[in-house]
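Open the structure in a viewer and keep a selection panel at hand. The stops below are given in the order to select them.

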Amino acid sequence: MCARRVFSVVAAVLIMSMPVLATGYYASGVTGLWNDAVTWGGTAYPVAGDTAYLNLGSTVEVDGTAEAVTELHFASWSGNSNLVTLNIVNSGSLTVSGWSYLGVAAGDVGEINVGAGSTLTCGGAMNVGFNGDCTLNVNGGTVNANGGLYTSNPWQTAGTGSGTINLNAGVVNVYDFAMSGTGLINIEAGEMRIYGLWWDATLQGLMTANQIVGYNGTQSVDISYDGDFTVLSAVPEPATMCLLALGGIMLRRKRS
């Protein structure tokens, strides 16, 4: 009897200590909120510990909420050119604890928009344009690529991936960085901050190749340093500089 009780206790402990298997959630050709089960074709939506797949023309929105998954497969293995869109808006946030594959396979096309006050954080590598096409638009929000930002699959020389990052306003924080010949980073306002002070040669080479540009190639990009970070920012357009100067003159007049 005692032995049987011991066995039952041990069995219960083993069951409780077993890892919970992650669930895969699929949004295919739908428009809806991330935290609406209907978007994912079922009775629940992905949360921390799950994997999210967005494909086949879906438009999904994280709207003023905080969501989390283990992996994000965006524009995922559909081989379909229908645009897949993820909008993070109204101070919403999405945290991916593991890897993010954005534009997974050839023929997949995706666009991610990170609005003002909103955040996209990846604990693992963020692959923009893995073997498909993906555009990441930072429109006043924050993107944290804690496991590294890798654009257009830099490890596959014959790959089909094409990744574009448009930093229109906001901040992109990167803790490792690489980009293949089909990648593009366009900076207008805001900063791209790369951990480490050894990136000059790599960044200068990408600027020379017109893969890191300011204002769609009409302006130059400046390299500066802030603590342990190399910082990229665009030199303002002449019209913008004139407006800033005019604003300074008007401010001095008001003070006087």
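Leaving aside neighbours within four places in sequence, which residues is Ser76 in contact with? Select Ser76 and show what surrounds it: Tyr53, Leu54, Asn55, Val104 and Asp108, where contact means heavy atoms within 4.5 Å. This is a predicted model, in which local features need pLDDT of at least 70 and side-chain atom pairs count only at pLDDT 80 or more, while totals for chains, interfaces and linings use all residues. Residues are numbered from 1 along each chain as its sequence is written, and side-chain values use heavy atoms, with hydrogens and water left out.

Stay on Ser76, in the loop between β6 (71–74) and β7 (83–89); strands are DSSP runs of E, at least two residues, numbered from the N terminus. Ser76 counts as buried because its relative accessibility is 4%, the cut-off being under 20% relative accessible area with a 1.4 Å probe, protein chains only.

Next, select Trp34 and Phe177. Of the 50 residues in the largest nonpolar core, these two touch the most other members. Such a core is a set of buried Ala, Val, Leu, Ile, Met, Phe, Trp, Tyr and Cys residues joined through side-chain atoms within 4.5 Å. Strand β13 (residues 133–145) gives the most to this core, 5 residues. Around Phe177, not counting residues up to four places away in sequence, the residues touched include Leu149, Tyr150, Met192 and Trp199.

Last, select Cys122 and Cys134. Cys122 is buried at 1% relative accessible area, and Cys134 is buried at 2%. The whole structure has 0 disulfides, a disulfide being a pair of cysteine sulfur atoms within 2.5 Å.

Key: Helix = DSSP H or I, 4+ residues; strand = E, 2+ residues; numbered from the N terminus.
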